[in-house]
Amino acid sequence: QGYYAGSAKVEAKGLNLSKRHSERERLTPDAHGIVLALVGLPARGKSFISRKVERFLLWRGHRTQVYNVGKYRREAIDPEQSGRSDFFDSSNAAALAAREAAAVAALHDALTFLDEGGNFAILDATNSTVSRRNVIVDTVRSSGRSYPVVFLEAICEDPEVLETNIVGKVLNSPDFEGMSLEAGLTDLKARIAKYEAVYETVQDSEGPYIKLFDLSSKVMANHIYGRLAKSILPFMMAIHIGARPVWLVRAGQGETNPQSPGGSDRLSKLSSAGQSSAAALAEFLRRRENEYWQTTGKPREPMHVLTSTVPRAEAFVRGVAAEFEQTSALNPVDKGALGAGWWDVECPGDVPPWDELKNRHPEFFQEWIGDPLRRRFPGGECYMDVVRRLETVLVEVEMSTRPVLVVSHLSVLQILVAYFKGIRIEDSLQMAIPKGTVVEILPTSGGGFLVEMHSLPAPSASPASSPERCSDEDLALGTSEAPRARKRLSSEVSPSPASATSDSTAAPEGSLSPAAVSTDLTEAG
């Protein structure tokens, strides 16, 4: 009561606002375009962060593009000259002018991209001084544009992580092609010393920023609001450089329902075939987990298991793990008034029954083809609704430092695989994910993932049988139904090029050894 309950008076004009609160009011509404400018010394993980954020934003449906200033520099001046340490000496006027020209060109292209409807332009560069960062902000404002500039600073003070990053950069960057490892390390460390001599960390007075320390240990934020606070900040808090396998599996087959011959209705119980699949999965995971923990040499931890709330999914998981977490975020796409009796939850095939949908509901199908991500099923969800609810699951998977198992359903897994493969969600809807298979995902050192698919033994086979390995191409093609689905959808949904990047260094096929921690493969300069 009284003072301790707080004032009950309503201020018609609101309380007197501080300058910082006024800035919050300006920054909270979602902007139509945002410049994300990386900041950091060489070999601190800036390009790793850029690629991770780009992949995430593209998956969330935002038009996003990375502009690597180092690439602009190399295209203008051969790396044999522009990649040497003396080129980064602040007293080298000609080199400084060339580097400034590369930065200006990258910023120009980034702003043009936003002008043409882009949502996020990521400027991957060192941006190591206040004056350089002021140029970015002033250029945006002086042109009459209202795009906010948010700085993402990568700070690395862990000697082990830093040394591994430096080695990885020398082994992978075009700047050191043809050089011995020893010569490259000497030259890169000399370059870093030149940057350290002039480096200035981002200050509160410079505006919005997110600082990521040691690629995992700490995050600091200033003036981060709106979708930056809802999506990008939690994502950046989740990402790290640790390696662990992630397994995605469709829930086991349910008991046949007369109303739904495919055994796909929401309340069906796990069938005997589904129980056999669970036993086969348990054996597969036991062997793969053993390989992982033996390779890492770390103390063994229980697998992190996530499943939908569908009864047969829960029963399927109980045959695999003693502890698991259920979440409705992993439930099948809600098709509302459509699908009753023939597409209740799942479908017997490896891809959704698009032909059946077209035959039964031709008008809706044509509308859906026009916008497959945002056209909602009558009384149900659209695929972007599923993406939004899956965001928390994805952040949780990225955050995990131990092996992860996700048990869900066809459409949900297609959307998750789209993120890990770096492809458009529209294209993932054509992707076959057969029942009785495990999609295995291994992080790569460049910030991407190696995706493979393993076939479990058929329910009639011994659960201890060795699973058959399928190639990554099989994931896209699947069974004989998949090519037909791809052909008919590709003729109705016009593709556009994805801008996600691929990794140049992937773990050896079939290996569960942790990816190297070299995270700055194409660092901007």
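What covers the buried residues of helix α11? Let us work towards that helix step by step. This is a predicted model, where local features need pLDDT of at least 70 and side-chain atom pairs count only at pLDDT 80 or more, while totals for chains, interfaces and linings use all residues. Residues are numbered from 1 along each chain as its sequence is written, and side-chain values use heavy atoms, with hydrogens and water left out.

The chain holds 18 helices and 13 strands; these are DSSP runs numbered from the N terminus, with helices (H or I) of at least four residues and strands (E) of at least two. Of its 525 residues, 54% are buried, a word that stands for under 20% relative accessible area, with exposed meaning over 50% and partly exposed in between (1.4 Å probe, protein chains only).

Now to helix α11, which spans residues 311–318 and has Arg312, Ala313, Phe316 and Val317 as its buried residues. They cover an arc of only 140° around the axis, so they sit on the same side of α11; the arc is that of the directions from the helix axis to the C-beta atoms. Their cover includes β7 (246–250), α10 (272–296), β8 (304–307) and β10 (404–408).

Strand β12 (residues 449–455) looks another way: seven of its seven residues are buried. In a regular strand the side chains alternate between the two faces of the sheet. Here both faces are covered, with Phe449, Val451, Met453 and Ser455 on one side and Leu450, Glu452 and His454 on the other. The partner of β12 is β11 (residues 437–443), joined in the antiparallel sense over seven bridges; strands pair if DSSP finds at least two bridges between them. Thr437 stands opposite Ser455, and in the hairpin, with five residues between the strands, Gly447 takes a positive phi near 100°.

Aromatic rings come next. Rings of Phe, Tyr and Trp (its six-membered ring) pair if their centres lie within 6.5 Å, and planes under 30 degrees apart count as stacked, over 60 as edge-to-face and the rest as tilted. By this rule there are 17 aromatic pairs. Phe56 and Phe235 have ring centres 4.3 Å apart and planes at 10°, so this pair is stacked. It links helix α2 (residues 46–59) with helix α9 (residues 226–238), across 179 residues. Tyr419 and Phe449 have centres 5.9 Å apart and planes at 55°, so their pair is tilted. Tyr419 lies in helix α15 (residues 410–421), and Phe449 brings us back to strand β12.

Notes:
Contact = heavy atoms within 4.5 Å.
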